[in-house]
Amino acid sequence: MPITPLRSSNPDLRNFPDFMILGPQRTGTTWLYFNLHLHPEILMHRMKETYFFSSVGKPPHPRCPFQTLEDYLESFNESAGEKLRKHYTSLRKSLTLYRPRIRGEASASYALLEDELIAEIVGFRRDLKGILMLRHPVERAWSHAKKTLVRDRSESAPITLDAFRDYLKSSGQRQRAGYRGMIERWRKHLQPGHLYLGRYDRIASEPAAFLADIERFLGVTTRALFFNRHLTIKLNPTSDLGTPPEIETFLRESLGPDIDSYEEIVREVGDGKAV
């Protein structure tokens, strides 16, 4: 029996995405989504974060409007107005018409999907590609905390160590530091060379070269965007509040094995690598 809710036993899979930006959160997935959204050969889902597969078997996510796989797939259809706007954007930025060759979506929670569900997803699209972003576990956890805990408070009222400890324990942050497990679960089911491991720090140091690497991985034209301010601006940023020393120490102690594993993976993949 399938895990994913279906309306029929034989769903039309023509709209199933060719690739997914898997996450995890706070690793540059928003930057990547918006840059790929501008590519004239890529149809990115209109929603950044559909939450569809991470909602399977769980209480409905408040931001996921899809009840079945068919609902999700039908949502990739574009209206005439959407296509017209994309033609205009593509002509303005790339001097070419919008002619999508592949479909994609980005849900940063997909990095933590369970093995059985990943197997089913890849069963829907055997040649599916995935993009997993790598960011230092301490930086990533603190960025996630700032987004959640600092958002509704003044920076003059800093996060206490006790509040941060509770947040780290209750919000699944430790699981999001486990890159080795994420890689192994997805790599087990994807075809060889269909999981790209990207370095978050390249977004700041060499965004154009990094985006070109992603484009080559996806099999679309590189350097298609001649006019693209999204390359060099921060998208979905948090405050500039630095990591308090006691929280930095706590994170390094709590995530020690994950930090070692992350550094080992970075040595293996260099600037980025398809595995």
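Trainee: When α1 passes α10, is the crossing left-handed or right-handed?
Mentor: The crossing of α1 past α10 is right-handed, where a crossing is called right-handed if the near helix is turned clockwise from the far one by less than a right angle, and left-handed if anticlockwise. This is a predicted model, in which local features need pLDDT of at least 70 and side-chain atom pairs count only at pLDDT 80 or more, while totals for chains, interfaces and linings use all residues. Residues are numbered from 1 along each chain as its sequence is written, and side-chain values use heavy atoms, with hydrogens and water left out.

Trainee: OK, at what angle do α1 and α10 pack?
Mentor: Helix α1, residues 29-37, packs against α10 at about 70 degrees, and their axes are 11 Å apart. Axes here are lines fitted to C-alpha atoms, for helices over the stretch in contact, and angles run from 0 to 180 degrees between N-to-C directions. The two helices are therefore roughly perpendicular to each other, given that 65 to 115 degrees counts as roughly perpendicular, under 35 as roughly parallel, over 145 as roughly antiparallel and the rest as oblique.

Trainee: Which residues meet there?
Mentor: From α1 come Trp 31, Leu 32, Asn 35 and Leu 36, and they meet Pro 207, Phe 210, Leu 211, Ile 214 and Leu 218 of α10; contact means heavy atoms within 4.5 Å.

Trainee: Which parts of α10 are buried, then?
Mentor: Pro 207, Phe 210, Leu 211, Ala 212, Ile 214, Glu 215, Phe 217 and Leu 218 are buried in α10, where buried means under 20% relative accessible area, exposed over 50% and partly exposed in between, with a 1.4 Å probe and protein chains only. Just after α10, Gly 219 takes a positive phi of about 85 degrees.

Trainee: What does the largest nonpolar core look like?
Mentor: It has 38 residues, and those with the most contacts inside it are Met 20, Phe 53, Tyr 72, Ile 121, Trp 186 and Leu 195. Two or more residues each are given to this core by β1, α2, α4, β4, α8, β5 and α12, and the largest share, five residues, comes from α4. Another core lies apart from this one and has 21 residues, among them Leu 32, Tyr 196, Leu 211 and Ile 214. By nonpolar core I mean a set of buried Ala, Val, Leu, Ile, Met, Phe, Trp, Tyr and Cys residues joined through side-chain atoms within 4.5 Å.

Trainee: New topic: how do α8 and α12 cross?
Mentor: Their axes come within 8 Å and cross at roughly 55 degrees, and the two helices are therefore oblique to each other. Tyr 179, Arg 180 and Ile 183 of α8 make the contact with Ser 261, Tyr 262, Glu 264, Ile 265 and Glu 268 of α12.

Trainee: What span should α12 have?
Mentor: The 14 residues of α12 should span 20 Å at 1.5 Å a residue, and the end C-alpha atoms are 20 Å apart, which agrees; the expected span is 1.5 Å times one less than the number of residues.

Trainee: Is Arg 140 buried or exposed?
Mentor: Arg 140, which sits in helix α5, counts as buried because its relative accessibility is 1%. Leaving aside neighbours within four places in sequence, Arg 140 is in contact with residues including Pro 24, Arg 26, Gln 173 and Tyr 179.

Trainee: What joins Gly 23 and Pro 24?
Mentor: A cis peptide bond joins them, with omega about -5 degrees, and Pro 24 lies in the loop between β1 and α1. As background, most peptide bonds are trans, and most residues other than glycine have a negative phi.

Trainee: Where does Leu 95 lie, and what is its phi?
Mentor: Leu 95 has a positive phi of about 60 degrees although it is not a glycine, and it lies in the loop between α3 and β3. At 58% relative accessibility, Leu 95 counts as exposed.

Trainee: And what is the phi of Glu 49?
Mentor: Phi of Glu 49 is near 85 degrees, again a positive value in a residue other than glycine. Glu 49 lies in the loop between β2 and α2 and is buried, with a relative accessible area of 11%.

Definitions and conventions: Helices (H or I, at least four residues) and strands (E, at least two) are DSSP runs, numbered from the N terminus.
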